[in-house]
Amino acid sequence: MRFAPSPNGYLHLGHALSALICQQWADALGGHLLLRIEDTDLSRARPNFVDAIHEDLAWLGIRFDGPTRVQSQHLGLYDEALRSLYQRGFAYPAPASRKEMADAVTAYETDGRSWPRDPDGSPHYPFRDRDLAARPERMPDEQPIRLNMEAACKARSRTKLTVQTMETPHADPVAQPLDPSLWGDVLLRGRDRPATYHLAVVVDDAAQRVTHVVRGKDLEAATSLHRLLQELMDLPAPIYHHHHLVMGEDGRKLSKSEGAKSLRVMREAGETPADIRRHLMD
């Protein structure tokens, strides 16, 4: 089991819920709970937030086993995985800027048509770079790299992709079918990200020998993409559980970027770990 926050803001109740459920599952299964700092977004990660993560989790009473894994200390491992995908034709350079992509999608949709989008709402990459016969034999060092979803799905076409899920720690795993083609050519490496979440998370889960992934339902749709990458890279497949989310007054999940009240603010206001646990787990 692992809890894997990003150091781009202070932890809030949504993070607390996920950490507490991860600990609950680890205890129930007699397993280990690992802490991972997902800091490959170099433009947003901050050392002070890393310190705050450790402080807030210690205050909450979450116990972790072994050393903390920090993604920025393992960039070579992600690069190796990406180069393997590239060499086998599953990835390609995609140099278009965010503005160029947004302009292309807007131009397409001006007459009322709808451009396809990933399950998370991001528009599919609107250019056909993957079809260029002149794709460099060696992966460029600087450019963004995307997954060639068409090639990846074709390579997996002989067998159906499934995921093992569990509703409770003591339930029997259930196999569920997945369709990764709902995703477009997702970004695997960005201009300011040596590895995006989708690539780094599957590499890390394998490196840390994670057997059970417990995370929020907001990431449930990404499981099909992660299982596809695991299959392409011949990595073991964990069992997954996606728990409910903490919602704000507007009915949306809590978000650091939208100013969700942090655990440290609640602590300073006099709330205790017992208050947090009672609010989230009872």
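This is a predicted model: local features need pLDDT of at least 70, side-chain atom pairs count only at pLDDT 80 or more; totals for chains, interfaces and linings use all residues.
Three elements each supply at least two residues of the lining: β6 (162–165), α7 (223–232) and β10 (239–243). Strand β10 gives the largest share, with 3 residues. By class, the lining of the second largest pocket divides into 8 nonpolar, 6 polar and 4 charged residues.

Helix packing was examined next. Two packed helices are described by the angle between their axes and the distance between the axes.

Helix α7, which supplies residues to the pocket lining, also packs against α6. The angle between α6 and α7 is about 60 degrees. Their axes lie 10 Å apart. The two helices are therefore oblique to each other. The crossing of α6 and α7 is right-handed. On the α6 side, the contact involves Tyr 197, His 198, Leu 199, Val 201 and Val 202. These residues meet Leu 225, His 226, Leu 229 and Gln 230 of α7. The contact of α6 with α7 comprises 6 nonpolar and 3 polar residues, with no charged ones.

Helix α6 (residues 197–207) also meets α3 (residues 75–87). The axes of α3 and α6 come within 10 Å. They cross at roughly 115 degrees. That angle makes α3 roughly perpendicular to α6. The crossing of α3 and α6 is right-handed. From α3, the contact draws on Leu 77, Tyr 78, Ala 81, Leu 82 and Leu 85. From α6, the residues are Leu 199, Ala 200, Val 203, Asp 204 and Ala 207. By class, the contact of α3 with α6 holds 9 nonpolar residues, no polar residues and 1 charged residue.

Technical notes: Residues are numbered from 1 along each chain as its sequence is written. Side-chain values use heavy atoms; hydrogens and water are left out. Axes are lines fitted to C-alpha atoms, for helices over the stretch in contact, and angles run from 0 to 180 degrees between N-to-C directions. Helices (H or I, at least four residues) and strands (E, at least two) are DSSP runs, numbered from the N terminus. Angles under 35 degrees count as roughly parallel, over 145 as roughly antiparallel, 65 to 115 as roughly perpendicular and the rest as oblique. A crossing is left-handed if the near helix is turned anticlockwise from the far one by less than a right angle, and right-handed if clockwise. Contact means heavy atoms within 4.5 Å. Ala, Val, Leu, Ile, Met, Phe, Trp, Tyr, Cys and Pro count as nonpolar, Asp, Glu, Lys and Arg as charged, and the others, Gly among them, as polar.
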